[in-house]
Amino acid sequence: MRIRIDVDLEKGAILRTDLPENAIWLGGRALAESLLFEEVPPACHPLGPRNLLVFAPGLFAGTSMPTASRMSVAAKSPLTGGIKESNVGGMAGMILAQLGVGAVVIRGISLSRRSNLVLLGKRSAEVMDAPELSGLGNYETVETLKKRFGEDVVTITIGPCGEMKMAAATIAVSDNNGRPCRHAGRGGLGGVMGSKGLKAIVIDPKGSQLRKGADPGAFAEAIKEYTKILQSSKRTAFWRENGTAGLVDVSHARGSLPTRNFTSGAYDKKDKVNAEQLKTLAAQRKGMMGHACMRGCVVRCSNVFNDPQGRYLTSGLEYETIAMMGPNLDIDDLDTIAQMDHRCDDYGIDTIETGATLGILTETDLFRFGDGLKAVQLIDEIGKGTVLGRVLGQGVTTTGKVFGISRIPAVKGQSLAAHEARSIKGLGVTYATSPQGADHTAGFVVEEPLSKEGHADRSRKAQINVVVADSLGLCQFTGLREEHELFARLMGPLTGKAPSPEEVRRMGQETLWKERTFNQVAGIGSGQDRLPEFMRSEALPPNNNVFDVEEEDLDRVFGDYPK
Ligand code: SF4
């Protein structure tokens with residue numbers, strides 16, 4: 001039986017209860033969003049006491065299934081004003097699950113309003129004062145926590161941006177090497193954690209045990225089949241060799257690489273920031289490709305990036321960050337991009353949102369394309385909380401309002417990710433209609449990328465499949481989405497009750513329905529299922545396409561939902 005831990009920061013009280021029987025197949029996103037749907041008033045203020053912050057390991061987390069221990073972090077978002085799930089790797093999902101925890105629910109606001117931390121162990125949980133952590137970056141916070149609680153703790157922390165309750169603030173999770181470089185990046189959930197006065201959750205792994213399932217023999221057999229599929233996949237080999245940076249060349253060739261504030265889909269200097277360049281620098285500086293963000297991952301898409309002196313600078317220098325801070329700002333230097341990434345990780349701010357925000361600043365005198373030094377300085381302003389920095393830390397939509405900019409690459413308040421919707425129109429449909437705001441992980445549709453037809457059904461299906469993967473704890477780089485029969489064969493021996501493949505699919509569908517219903521009550525209706533206007537009028541080189549999917553088709557994605 002998995003347990004739920006409720007932490008009430010206002011009362012300083014902690015309650016441990018069993019998850020109910022009807023949650024037997026629910027983990028990750030399905031579980032977290034169900035808790036929000038049932039317990040959070042959709043109209044509440046995201047930074048107020050009635051919002052909850054939920055951490056839920058995926059259903060397969062903590063088992064010996066490789067690449068399947070991701071965790072969902074969820075709350076009402078200060079960025080979109082709607083429900084939000086942000087999915088994160090690192091070690092927290094695995095170890096929480098191995099301690100028997102299905103969900104951690106943070107409620108209330110600390111009355112002292114000082115920095116607090118929560119220490120979670122096998123049978124204990126405690127709220128503690130932590131004034132010494134106030135204002136520290138994520139890296140120093142984690143070093144301080146290790147000195148206090150031991151080198152082997154797993155951490156969930158926020159940096160100063162979260163403490164300042166910024167709408168683009170992230171929550172950092174320590175990786176396989178204990179570094180706070182895996183982030184629940186989207187939707188400003190770090191601001192929600194900061195609003196509660198919670199600086200850190202420290203997880204003591206003592207007593208954690210591998211989850212072997214209700215029928216260990218049958219579960220081990222099903223895991224063998226799953227692992228064989230992963231290991232023999234060409235995609236696995238591609239991610240391991242190139243990391244997600246391999247997408248720089250793919251996106252450039254497809255015309256979907258956001259360049260110079262979403263004015264082109266191809267970047268003439270892409271060879272300076274692509275996977276080949278990353279691999280060359282990794283070899284020269286004793287960095288690493290094929291790094292695993294969590295123990296046992298067989299895909300290993302992550303990397304370690306060292307500075308020219310061979311010292312650690314950042315980890316997980318990912319495609320989204322490279323594209324949004326490189327080509328999108330015309331910064332053609334991986335060292336500068338890595339510095340920006342390190343600062344964003346340390347301050348705890350979303351690299352995608354920040355890249356889009358600096359991009360629109362090129363319409364002002366504050367920033368010019370290609371000015372890497374200035375980009376680093378502006379990120380420092382965000383981290384230090386200057387007046388300008390506090391504006392930028394609210395994300396691209398608010399920054400646009402402050403500076404009177406109307407060409408904003410965002411949906412429902414959240415910036416587009418690093419895949420141009422005019423060159424991948426199926427993904428554009430997902431950006432427009434996902435309850436999460438513009439999010440490339442919400443349902444990637446690559447079929448017939450330049451056609452305006454046929455994407456409504458594809459996007460709905462992709463969004464349902466992604467919810468299933470997010471709920472099970474599967475990393476999206478497994479490439480497994482539609483294998484509901486395989487998932488059912490794994491869920492049965494793990495939980496002791498086998499679902500049908502249709503029940504697996506329905507879990508995804510019902511979760512999406514809850515997310516959309518929550519948003520409607522929060523004031524986000526189908527009228528906001530639209531891409532920014534400029535994408536319908538500005539043709540994007542090199543394909544010279546606009547986003548021309550009919551609005552009726554966008555409404556059809558969820559119009560007759562659920563079905
Ligand atoms: S594939 Fe990459 S993101 Fe996914 S679990 Fe492995 S290292 Fe982490």
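**Close-up views of a predicted model**

**View 1. Helices H16 and H17 in contact.** Lys425, Gly426, Val429, Thr430 and Thr433 of H16 touch His455, Ser459 and Gln463 of H17. This is a predicted model. The residues of this contact sort into one nonpolar, six polar and one charged. H16 spans residues 425–433. Its axis and that of H17 come within 9 Å. The two axes cross at roughly 65°. The crossing of H16 with H17 is right-handed.

**View 2. Helices H17 and H18 side by side.** H17 covers residues 455–472 and H18 covers residues 484–495. They pack at an angle of about 25°. Their axes are 12 Å apart. Angles under 35 degrees count as roughly parallel, so H17 is roughly parallel to H18. The crossing of this pair is left-handed. From H17, the contact uses Asn465, Val468 and Leu472. From H18, it uses His484, Phe487 and Met491. Four of the contact residues are nonpolar, two are polar and none is charged.

**View 3. Helices H17 and H19 packed across each other.** H19 runs over residues 501–522. It packs with H17 at an angle of about 100°. The axes of H17 and H19 lie 8 Å apart. The range for roughly perpendicular is 65 to 115 degrees, and H17 and H19 are therefore roughly perpendicular to each other. H17 brings Gln463, Ile464, Val467, Val468, Ser471 and Leu472 to the contact. H19 brings Val504, Arg505, Met507, Gly508, Gln509, Thr511 and Leu512. The contact residues of H17 with H19 comprise seven nonpolar, five polar and one charged. Gln463 of H17 also meets H16. Val468 and Leu472 of H17 also take part in the contact with H18.

**View 4. The largest cavity.** A search of the whole structure finds three cavities of 30 Å³ or more. The largest has a volume of about 50 Å³. Its lining includes Lys412, Pro435 and Arg516. Asn519, Gln520 and Ile524 also line this cavity. Gly525, Ser526 and Asp529 complete the lining. By class, the lining residues are two nonpolar, four polar and three charged.

**View 5. The second largest cavity.** This cavity holds about 40 Å³ of space. Leu278, Leu281, Ala282, Met288 and Met289 are among its lining residues. Helix H9 (275–285), strand E13 (288–291) and strand E14 (302–306) each give two or more residues to the lining. E14 supplies the largest share, four residues. The lining of the second largest cavity has seven nonpolar residues, two polar and no charged.

**View 6. A cis peptide bond at Pro541 and Pro542.** The bond joining Pro541 and Pro542 is cis. Its omega is about 5°. Most peptide bonds are trans. Pro542 sits in the loop between helix H20 (534–537) and helix H21 (551–559).

**View 7. A positive phi at Arg260.** Arg260 has phi near 45°. That is a positive value in a residue other than glycine. Most residues other than glycine have a negative phi. Arg260 is found in the loop between helix H8 (247–254) and H9. H9 also gives two or more residues to the lining of the second largest cavity.

Terms used: Residues are numbered from 1 along each chain as its sequence is written. This is a predicted model: local features need pLDDT of at least 70, side-chain atom pairs count only at pLDDT 80 or more; totals for chains, interfaces and linings use all residues. Side-chain values use heavy atoms; hydrogens and water are left out. On a 1 Å grid over the protein atoms alone, a cavity is a set of points where a 1.4 Å probe fits but cannot get out, and a pocket is an open set with protein on both sides within 12 Å along at least five of seven lines; lining residues have an atom within 4 Å of a point. Grid points are joined across faces, edges and corners, and a volume is the space filled by probe spheres set on the points. Ala, Val, Leu, Ile, Met, Phe, Trp, Tyr, Cys and Pro count as nonpolar, Asp, Glu, Lys and Arg as charged, and the others, Gly among them, as polar. Axes are lines fitted to C-alpha atoms, for helices over the stretch in contact, and angles run from 0 to 180 degrees between N-to-C directions. Angles under 35 degrees count as roughly parallel, over 145 as roughly antiparallel, 65 to 115 as roughly perpendicular and the rest as oblique. A crossing is left-handed if the near helix is turned anticlockwise from the far one by less than a right angle, and right-handed if clockwise. Contact means heavy atoms within 4.5 Å.
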